[in-house]
Amino acid sequence: MSQLTALLGRPENDLIYRLLMDAPLAIACVDQSGDIAFSNGAFKALLNLPEQDQTLHVSDVFSSIDELRWGRFCDLLSDEENLKSFELLGPAKDASRQVEISLQRLSDRGRQWVALIVHGDEPWEQQEGIQLLQNEVLQAVASGKPLHSSMDILCRRVESLAPEVICTVLLVDTDGKIHPCAAPSLPAEFGQAIEGESIGPAAGSCGTSAWRGEAVEVTDIATDPLWSTYKALALPLGLAACWSSPIKLRDGRVAATFALYYREKRSASEFHRKMVSACVHLCSLAIEHEHAEQHIHQLVFHDRLTGLPNLNLLKDRAQRALQATVYSGEPLTMMFLDLDHFKTVNESLGHQAGDRLLQEVARRLQSCIAAEDTLARLGGDEFVLLLSDTGAQKARALAEHLQVRLSDVIEGEATPFSMTASIGISIAPEDAIDFEMLHRNADIALYQAKAAGRNAIRFYQSHMNDAAQQHLIIASALRRAVSEQQLDVYYQPKIALDTGRLMGVEALVRWVDPELGSLPPDRFIPVAEETGLIAALDSYVMEKACRQLVSWQAQGVPVTSVAVNLSATEFRGGDIYQRIKSLVERLAIKPGMLTLEITESLMMEPGSDIHDELIRIRELGVGLSIDDFGTGFSSLSYLKRFPVTELKLDRSFVNDLGHDASDRALARAVIQLGATFGLQVVAEGVETRNQADILSQIGCTLAQGYYFAHPMPADQFEHWLAGDGQDYIE
Ligand SMILES: Nc1nc2c(ncn2[C@@H]2O[C@@H]3COP(=O)(O)O[C@H]4[C@@H](O)[C@H](n5cnc6c(=O)[nH]c(N)nc65)O[C@@H]4COP(=O)(O)O[C@H]3[C@H]2O)c(=O)[nH]1
């Protein structure tokens, strides 16, 4: 006899018996002490019980129940409200499974029973629902959907799993302001009304939860003081209760809130709590992901110092804008702006001040352009403006305005100063139809503006291309020549005018490119300076010349000193002293045998670094010569301050010595000046006997020029010394 037959006193083939046994609902009948008197097939299947009847206690079936707890359940079942739902842990061998049971009181012929209905499928479904929700949101996040879309998906999924709730995600910025992110079931006005509201100790459920950093459960919006300010907004929308949880990032900051609203006064169910715990975690992940993406985006598309767009972003925007011009026909202007002498300022004021200056420049430029235009920084002091619907006239007016704005004095540094800028402009579609061309042509125009003496504005013109092209060609060929050591060094003798003896040589670089042919230094030295190749070039020449000197000394060739040219750019923030010191030490040459020829302009540059560097070099014993003396600056006061050993009278004064009295007077003045300061004076570019005689008469000690010898390669120089140059060594 089956349990049921015993219980109901009815035969097993009875219709009701079959119905109960085969019903898809898992049902059991339990007595007051918790013994299971009857259980149907669905119950056994769901809870993995043997099909054969056997006496079981509820605690054998539900691992989280014991006699005491069962007793409490029974007490809870009152006559008025005798159906109760609980969530219990499943059978011991599958203890992690959660099932929901409903208990119903039954009384039969004086005996009390409890009908136990297990809604096995429902929690399973819910569990699975949460799982699906997690997968869907994670997929949205991973596929790069914007945060508001993945949060929208999350809210909609939650609302379909629990139709009794309305779900929202609000972002909280670092100033504690709220920004709605997703609230698909609330009207747009709700979002608009709370946009920018501050979090606080009584700012609705979300604002308060963000403020406290903990969940806030308001079961009755109408009466809860936390909602006093916002209930007028919520109640008309039918929102009666709200449970909000803070979404925290790894650093503990509350970045958002996740809220469930209810249409009736109530608290959250167990299932809601489970769902919220999963959702809060998901939101936090999605926000962290968004922040990481933003950070990467910032790094990839922005300049770190100023926060302005960088080349990548400029390119992207320019390409879009160029496409738009095709349809609109409106001109698009690209403006290259380069600060004049920024390097000097940077090095004399220090790099930190230089950085501040660039940030100030960025602010000033930004304040001059419209929100839809782009200001980018390409590095260094190079800024680019991309201006939509801007033709030549408007571009010129803006460029002039920018120059004025930049010339305003910059305060806040040790010495207030102002900046000037060179500007190159190219306009699409006239000058270019793609980004590369627009960019290159603006750069070419900028180059022309700089060449025009700086603080200038130049519009791109097609003929500029040739000069710029040449410049680019020389730059790339020179880079190769320097790295492959294809440069040569020639030597030109310096002769004492009174004794006619060889006193030393000047080393001069020579370059014959396989394709471009022979290029004079005046063409490629400026390119080397601009491209930063000059340090490598000068080092190469210096090393080669010093090695040659050592070799001549070893061979008994009577060359006692060598002069090399050093570009002024080498002294700006470089390590020239160290390089010279280690060279002299490495080759074991007497420092006095080496002279550095530097230009007058270097002495005029501000900044104590150059002064200190020159003093240290001089203290090594290396000679310092001022090249092209007389052509540059009128102030000679630097001669007192700088430890110079030699002046080189520029070729232009030597040229006309024979028939220009004023040149003669000037040459004489330079020679006297040298005598006053105890400096040796070398006349450059002496081409005739007459020039040499005059120089000798007016007291010049040394001379150099084609009259004595042209610059020559080392081996040719040795032949010369053994032949025509014999006179200078005997
Ligand atoms: N008309 C005329 N010219 C004469 C005469 N005697 C010598 N010269 C030329 O005058 C220039 C003297 O060199 P600089 O004033 O230092 O002027 C140099 C120097 O400033 C620079 N330079 C040359 N080699 C180097 C180098 O290795 N490094 C750097 N930074 N600059 C260099 O390029 C400039 C030009 O060099 P070069 O073309 O070699 O030109 C040389 C030389 O060939 C003459 O009697 N008549």
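**Figure 1. Lysine 450 and its salt-bridge partner.** Lysine 450 is partly exposed, at 26% relative accessibility. The model shown here and in the other views is predicted. Lysine 450 forms a salt bridge with aspartate 338, and the closest N and O atoms are 3.7 Å apart. The pair ties together parts that are 112 residues apart in sequence, since lysine 450 lies in helix α16 and aspartate 338 in strand β12 (residues 332-339). Aspartate 338 counts as buried, its relative accessibility being 6%.

**Figure 2. Crossing of helices α16 and α17.** Helix α16 spans residues 435-451 and helix α17 residues 464-483; their axes come within 10 Å and cross at roughly 90°. Helix α16 is therefore roughly perpendicular to α17. On the α16 side, the contact is made by Ile444, Ala445, Tyr447 and Gln448. Helix α17 contributes Met464, Asn465, Ala467, Ala468 and His471. Six of the contact residues are nonpolar and three are polar, with no charged residues.

**Figure 3. The five-stranded open sheet.** The strands are arranged in the order β13-β14-β12-β15-β16, with mixed pairing. Strands β13 (374-379) and β16 (457-459) stand at the edges; each has a single partner strand, so one side of each is left without a neighbour in the sheet. From one strand to the next, the twist averages 20°.

**Figure 4. Pairing of strands β15 and β16.** Strand β15 (residues 421-428) runs parallel to β16, and three bridges join the two. Glycine 424 stands opposite arginine 458 in β16.

Figure 5. Aspartate 152 and arginine 156 form a salt bridge, with 2.6 Å between the closest N and O atoms. The two residues are separated by about one helical turn, because they are four residues apart in helix α7 (residues 147-161). Aspartate 152 is partly exposed, with a relative accessible area of 22%. Arginine 156 is also partly exposed, and its relative accessible area is 48%.

Figure 6. Glutamate 360 forms a salt bridge with arginine 364, the closest N and O atoms lying 2.8 Å apart. Both residues belong to helix α14 (residues 351-368), where they are four residues, or about one turn of the helix, apart. Arginine 364 counts as buried at 7% relative accessibility, whereas glutamate 360 counts as partly exposed at 22%.

**Figure 7. A salt-bridge network.** Glu506, Glu597, Lys648 and Glu684 are linked by salt bridges into a network. The whole structure holds 24 salt bridges.

How values were computed: Residues are numbered from 1 along each chain as its sequence is written. This is a predicted model: local features need pLDDT of at least 70, side-chain atom pairs count only at pLDDT 80 or more; totals for chains, interfaces and linings use all residues. Side-chain values use heavy atoms; hydrogens and water are left out. Axes are lines fitted to C-alpha atoms, for helices over the stretch in contact, and angles run from 0 to 180 degrees between N-to-C directions. Angles under 35 degrees count as roughly parallel, over 145 as roughly antiparallel, 65 to 115 as roughly perpendicular and the rest as oblique. Contact means heavy atoms within 4.5 Å. Ala, Val, Leu, Ile, Met, Phe, Trp, Tyr, Cys and Pro count as nonpolar, Asp, Glu, Lys and Arg as charged, and the others, Gly among them, as polar. Two strands pair if DSSP finds at least two bridges between them. A salt bridge is a side-chain nitrogen of Lys or Arg within 4 Å of a carboxyl oxygen of Asp or Glu. Buried means under 20% relative accessible area, exposed over 50%, partly exposed in between (1.4 Å probe, protein chains only).
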